Amino acid sequence: MAKFLTLNTHSWMEEDPEEKLEQLAEQILAEQYDGICLQEVNQRIDAKEAVLDGAYCPTNSEVMIREDNFALRLVELLQIQDQEYYWTWAYSHIGYDIYQEGSAILSKEPIIANDFFVSQSRAETDYHTRKLVTGLTEIEGKMVRLVSCHYSWWQEGFAKEWRETEKALTGKELLVIMGDFNNPADSEGYHLVTESTLTLQDAFQTAQQRKGNHTIEKEIDGWQNNTEALRIDFIFLSASFEVLTYQTVFDGKQTPVVSDHYGVAVTTV
């Protein structure tokens with residue numbers, strides 16, 4: 001059995017961010033996820049360069065990891081508790097004027113990491129710039145390609161970004177694509193994914209047991225004036241996976257709220 005988690009962390013933008021980082025680490029320690037994808041993983045532009053150990057698996061792009069990188073801090077907290085995770089991070093654009101914002105992957109096994117642009121824009125000063133990070137890793141004896149993604153809204157280029165994703169991932173190994181799609185379930189963008197040539201399943205739809213649904217329920221960054229409960233964070237998997245359970249986490253019920261998004265966790269065989 002394999003366990004996967006995705007969360008848009010809204011890192012360092014939350015109230016009491018250190019406490020929420022610790023709560024995220026506690027959940028990972030408790031559930032022992034095999035693969036984790038995180039979005040809005042930030043580091044301050046002016047922070048010092050970090051000293052990295054062998055847990056960091058660099059992508060094909062040269063990028064400086066800084067001491068306050070949210071994923072690095074998370075991995076360090078886990079290491080203190082004798083839990084080793086390998087990790088990688090890809091930088092997309094400047095966020096809130098002071099952060100380098102990107103996406104991360106954590107895995108219990110070493111990662112062969114890669115990243116690629118899916119957006120037309122490649123300027124770090126443009127929030128439309130979107131980069132996906134992938135990690136080929138072994139999970140339950142199989143080679144699986146984890147993909148952490150944070151896409152644009154439909155009206156701001158999602159269709160092109162998804163086409164670029166398909167081109168990059170066609171013919172690849174078992175896929176687990178997780179992240180913030182910014183396109184709600186049953187929207188035009190959602191159907192692009194579910195009808196994709198990548199032949200993916202929405203874990204929510206195919207899980208044998210489900211607990212929870214939506215991942216945002218109010219106005220947040222990027223969803224101004226929203227009053228609906230929407231499912232915009234997804235775990236899509238290759239069709240050969242059997243999804244046993246689907247659960248929203250960090251929703252204030254069994255797990256604390258740590259971000260402006262709820263997370264999604266699934267178990268598979």
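Reader: Which residue of β11 stands opposite V176?
Author: The residue in β11 that stands opposite V176 is L237. This is a predicted model, in which local features need pLDDT of at least 70 and side-chain atom pairs count only at pLDDT 80 or more, while totals for chains, interfaces and linings use all residues. Residues are numbered from 1 along each chain as its sequence is written, and side-chain values use heavy atoms, with hydrogens and water left out.

Reader: What makes β8 and β11 a pair?
Author: Strands (E, at least two residues) and helices (H or I, at least four) are DSSP runs, numbered from the N terminus. Two strands pair if DSSP finds at least two bridges between them. Strand β8 (174-180) and strand β11 (233-238) share five bridges in the antiparallel sense, so they pair by this rule.

Reader: Why do β3 and β10 count as edges?
Author: They belong to an open sheet of seven strands, β3-β4-β2-β1-β13-β12-β10, with mixed pairing. β3 (86-95) and β10 (209-211) each have a single partner strand, so one side of each lacks a neighbour in the sheet. From one strand to the next, the twist averages 15°; axes are lines fitted to C-alpha atoms, for helices over the stretch in contact, and angles between N-to-C directions run from 0 to 180 degrees.

Reader: Which strands does helix α1 touch?
Author: α1 (17-31) touches β1, β2 (35-44) and β12 (243-249), where contact means heavy atoms within 4.5 Å. The direction of α1 makes about 170° with that of β1. β1 (2-8) pairs with β13 (263-268) in the antiparallel sense over five bridges, with F4 opposite V266 in β13.

Reader: Why is the pair of Y56 and W87 called tilted?
Author: Rings of Phe, Tyr and Trp (its six-membered ring) pair if their centres lie within 6.5 Å; planes under 30 degrees apart are stacked, over 60 edge-to-face, and the rest tilted. The count comes to 17 aromatic pairs. In one of them, the centres of Y56 and W87 are 4.8 Å apart and the planes stand at 55°, so the pair is tilted. Y56 lies in the loop between β2 and α2 (70-80) and W87 in β3, 31 residues apart.
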